[in-house]
Amino acid sequence: MAAKKSTRQAYGEYLVKLGEKYDNLVVLDADLSGATKTNIFKKACPERHFNVGIAEANLMGVSAGLATAGKIPFASTFAIFGAGRAYEIIRNSICYPKLNVKIALTHAGISVGEDGGSHQSIEDIALMRVLPNMTVLSPADAVETEKMMDAAMAIDGPVYIRLGRSDVPVLFDADYQFEVGKAGLLKDGQDVTIIATGLMVGAALEAAELLETEGISARVLNMGSIKPIDVAAIEAAAIKTGAIVTAEEHSIIGGLGGAVAEVLGEVAPVPLERVGVKDLFGQSGKVAPLMEKYGLTANDIVAAAKKVIKRK
């Protein structure tokens with residue numbers, strides 16, 4: 001049984017390590033540091049952690065100001081509030097001047113669970129990837145979270161890192177390499193390609209195993225970098241397998257599925273099925289039943305793979 005850890009926990013812990021390496025790194029939160037796990041950094045570096053209160057626009061505005069003064073701010077709150085309520089400040093005060101702010105928002109997607117539809121952000125990827133100058137990253141596990149944070153530090157500009165509340169399987173070991181703009185080939189295959197991001201990467205690997213028992217060979221790509229997206233990997237997968245399934249814990253409108261559809265439409269039109277939230281709001285409930293209700297399981301990916309293969 002694989003170990004499990006939430007990406008928000010990995011984020012909070014790794015902030016401390018980054019803080020030891022970069023003395024100009026600061027962390028800001030909107031009165032949710034216990035939930036976003038930035039309280040771990042606060043305990044280690046209290047003089048470099050700032051709670052702006054329940055004021056998400058101010059969170060982003062202060063982060064922008066600190067960036068102009070040479071600091072590298074990590075701004076955190078829940079994804080629904082950070083990406084939603086503070087959107088105009090992210091657009092005009094961070095992305096427009098291309099300031100070096102890292103926006104790491106937690107509690108994204110349906111897996112927020114009992115907090116319900118008001119707190120389950122299913123549109124944040126779409127909101128962030130449309131912004132010029134913004135890099136959009138979605139880690140599959142705790143290890144990839146750390147690697148993405150390292151990558152974010154190497155970028156002189158805005159970065160959005162999408163983090164989750166629930167514990168997810170640790171898929172990668174310490175030797176795992178992440179590169180912005182590049183997909184990771186986790187399994188090769190001939191009949192269909194599954195392109196997944198976030199916690200759906202684990203489900204994609206499970207789906208590939210299930211398909212294998214039925215004689216279907218599935219290629220699995222981890223698309224942790226949603227913007228810039230790996231056009232070459234998508235094109236190569238389309239040419240090799242002739243059918244694509246995307247899997248994300250986000251709306252299929254404007255998220256990974258939308259991004260892949262845009263690429264396929266331009267460079268390699270092949271049948272595509274999108275597994276994700278189908279233009280619906282979330283609701284309160286336990287995580288596993290919610291994932292089943294919204295069609296976000298390995299079995300749903302299997303069904304989509306069989307459907308898209310028939311469309312070749």
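Entry 1: I began with Arg311, which counts as partly exposed at 42% relative accessibility. For these labels, buried means under 20% relative accessible area, exposed over 50%, and partly exposed in between, with a 1.4 Å probe and protein chains only. Arg311 sits in the segment after helix H13 (298–310). I noted that helices (H or I, at least four residues) and strands (E, at least two) are DSSP runs, numbered from the N terminus. Leaving aside neighbours within four places in sequence, I found Arg311 in contact with Pro271, Leu272 and Glu273; contact means heavy atoms within 4.5 Å.

**Entry 2: ground rules.** This is a predicted model, in which local features need pLDDT of at least 70 and side-chain atom pairs count only at pLDDT 80 or more, while totals for chains, interfaces and linings use all residues. Residues are numbered from 1 along each chain as its sequence is written, and side-chain values use heavy atoms, with hydrogens and water left out.

**Entry 3: domains.** I see the protein divided into domain 1 (4–169) and domain 2 (184–310), with bounds that come from an automatic or database domain assignment. Their C-alpha centres lie 25 Å apart, and the contact takes 31 residues from domain 1 and 32 residues from domain 2. I checked the record too: an unreviewed UniProt entry carries the annotation "domain: Transketolase-like pyrimidine-binding" over residues 5–170. UniProt positions are given in the numbering used here, feature names are shortened, and annotations may be inferred rather than shown by experiment. In the model, the span 5–170 is 43% helix and 16% strand, and its end C-alpha atoms lie 7 Å apart.

**Entry 4: cores.** Which residues have the most contacts inside the largest nonpolar core? I get Phe74, Ile110, Val192, Met200, Val245 and Ile301, in a core of 55 residues. Such a core is a set of buried Ala, Val, Leu, Ile, Met, Phe, Trp, Tyr and Cys residues joined through side-chain atoms within 4.5 Å. Helix H9 (residues 200–212) gives the most to this core, with 7 residues, and at least three residues come from each of domain 1 and domain 2. Apart from it lies another core, of 27 residues, including Cys95 and Tyr160.

**Entry 5: strand S13.** Is Thr246 buried or exposed? Thr246 is buried, because its relative accessible area is 0%. Thr246 is found in strand S13, and its contacts beyond four places in sequence include Ile195, Val260 and Arg274. Counted in the same way, Val245 touches Val192, Glu273 and Ile301, among others.

**Entry 6: spaces.** The largest pocket holds about 590 Å³ of space. Among its 22 lining residues, Lys4, Pro169, Leu199, Ala203 and Glu206 lie nearest its centre.

Of its 20 lining residues, Pro139, Gly164, Gly198, Leu199 and Glu249 are the closest to its centre. Strand S13 (residues 244–251) gives the largest share of that lining, 3 residues.

For the method, I used a 1 Å grid over the protein atoms alone: a cavity is a set of points where a 1.4 Å probe fits but cannot get out, and a pocket is an open set with protein on both sides within 12 Å along at least five of seven lines. Lining residues have an atom within 4 Å of a point. Points are joined across faces, edges and corners, and a volume is the space filled by probe spheres set on them.
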